[in-house]
Amino acid sequence: SMNDYYASLSKQSICYYSMGEFVEVGDNYIGNYNGLNGYGFRVDKFEIVDGNSYCQELNYDGEHGEKLALISITLRNKGSEEGIWLTDLNLIGEDNYVGMNWDLLLLANPGLEGSTGIRLSPGTEYSLVIPYDIFQKYFSRKTYNNIEEYPFFFVVADYPEEQRIQLSLFD
């Protein structure tokens, strides 16, 4: 029943990880999918950049945030036969959620060949840059003006254990 579902959600645990370490998905769900045991994520770099400058470099003239959060990751697969929808990977703040820019995802990662999903052969790894829009209108002026200090988390698995990698602009 729905009540059981909501009760189970409230029992979920949140685990925090650091940049530079591989986070193993294990039996957790990413979005609505599991069977991903073998996949691991590592965040190699986190940047906040000027939206216009970055979009000019990629010849992109569609809608984008005034600033962009760029998460450079290494994805590896030690044995799953499944693939991952990159669009299920969320960037959250302590009180906010930031949407992925799917168009920029494809432009920044030509190896995806136009797909927002990726399936790695077991025993391989792949590096990606995942861009998220930071729109000024969704933040208070104070938070936006100090966005470099705002706590962001990259959520790589959702349920039953929510796996969050704490992001930092500074090594």
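**Figure 1. Cysteines C55 and C15 in the predicted model.**
C55 is buried, with a relative accessible area of 2%. C15 is partly exposed, and its relative accessible area is 23%. The structure shown here and in the other views is a predicted model, not an experimental one. How many disulfides does the model contain? The count is zero; a disulfide would need a pair of cysteine sulfur atoms within 2.5 Å.

**Figure 2. The sheet formed by β2, β3, β4 and β9.**
Four strands make up this open sheet, in the order β2-β3-β4-β9. Their pairing is antiparallel. Which strands lie at the edges? They are β2, residues 23-24, and β9, residues 124-134, and each of them pairs on one side only. Strands of a sheet pair through backbone hydrogen bonds, either parallel or antiparallel. Between β2 and β3, which run antiparallel, there are two bridges.

F41 belongs to strand β3, which covers residues 39-50. Is F41 buried or exposed? F41 is buried, because its relative accessible area is 0% and the limit for buried is under 20%. Leaving out residues up to four places away in sequence, F41 touches E21, F22, V23, V25, I30, I73, T74, L75, I84, L89, V156 and I165. For a sense of scale, the C-alpha atoms of F41 and G93 are separated by 19 Å. These two residues are 52 residues apart along the chain.

**Figure 3. The sheet formed by β1, β11, β10, β6 and β7.**
This open sheet has five strands, in the order β1-β11-β10-β6-β7, and its pairing is mixed. The edge strands are β1, residues 13-18, and β7; each pairs on one side only. Strand β10, residues 152-157, is joined to β11 by four bridges, and the two strands run antiparallel. Which residue of β11 does F153 stand opposite? F153 stands opposite Q166.

**Figure 4. R164 in strand β11.**
R164 sits in strand β11, which spans residues 161-166. R164 is buried, with a relative accessible area of 15%. That value falls under the 20% limit, so the residue counts as buried. Which side chain makes a polar contact with the side chain of R164? The partner is Y16, at 3.2 Å. Apart from its neighbours within four places in sequence, R164 is in contact with I14, C15, Y16, Y17, I92, F153, F154 and V155.

**Figure 5. N101 in the loop between β7 and α3.**
The loop that holds N101 runs between β7 (97-98) and α3 (102-108). Is N101 buried or exposed? N101 is buried, with a relative accessible area of 5%. The side chain of N101 has a polar atom 3.3 Å from the backbone oxygen of E63. A polar contact of 3.2 Å also joins the side chains of N101 and D133. Setting aside neighbours within four places in sequence, the residues in contact with N101 are Y60, E63, H64, P131, Y132 and D133.

Notes
Residues numbered from 1 in each chain as written. Predicted model: local features only at pLDDT ≥ 70, side-chain atom pairs only at ≥ 80, totals over all residues. Heavy atoms only, no water. Buried < 20%, exposed > 50% of the residue type's maximum accessible area, 1.4 Å probe, protein only. Contact = heavy atoms within 4.5 Å. Polar contact = N/O pair within 3.5 Å; in protein donor to acceptor, adjacent residues only side chain to side chain. Pairing = 2+ DSSP bridges.
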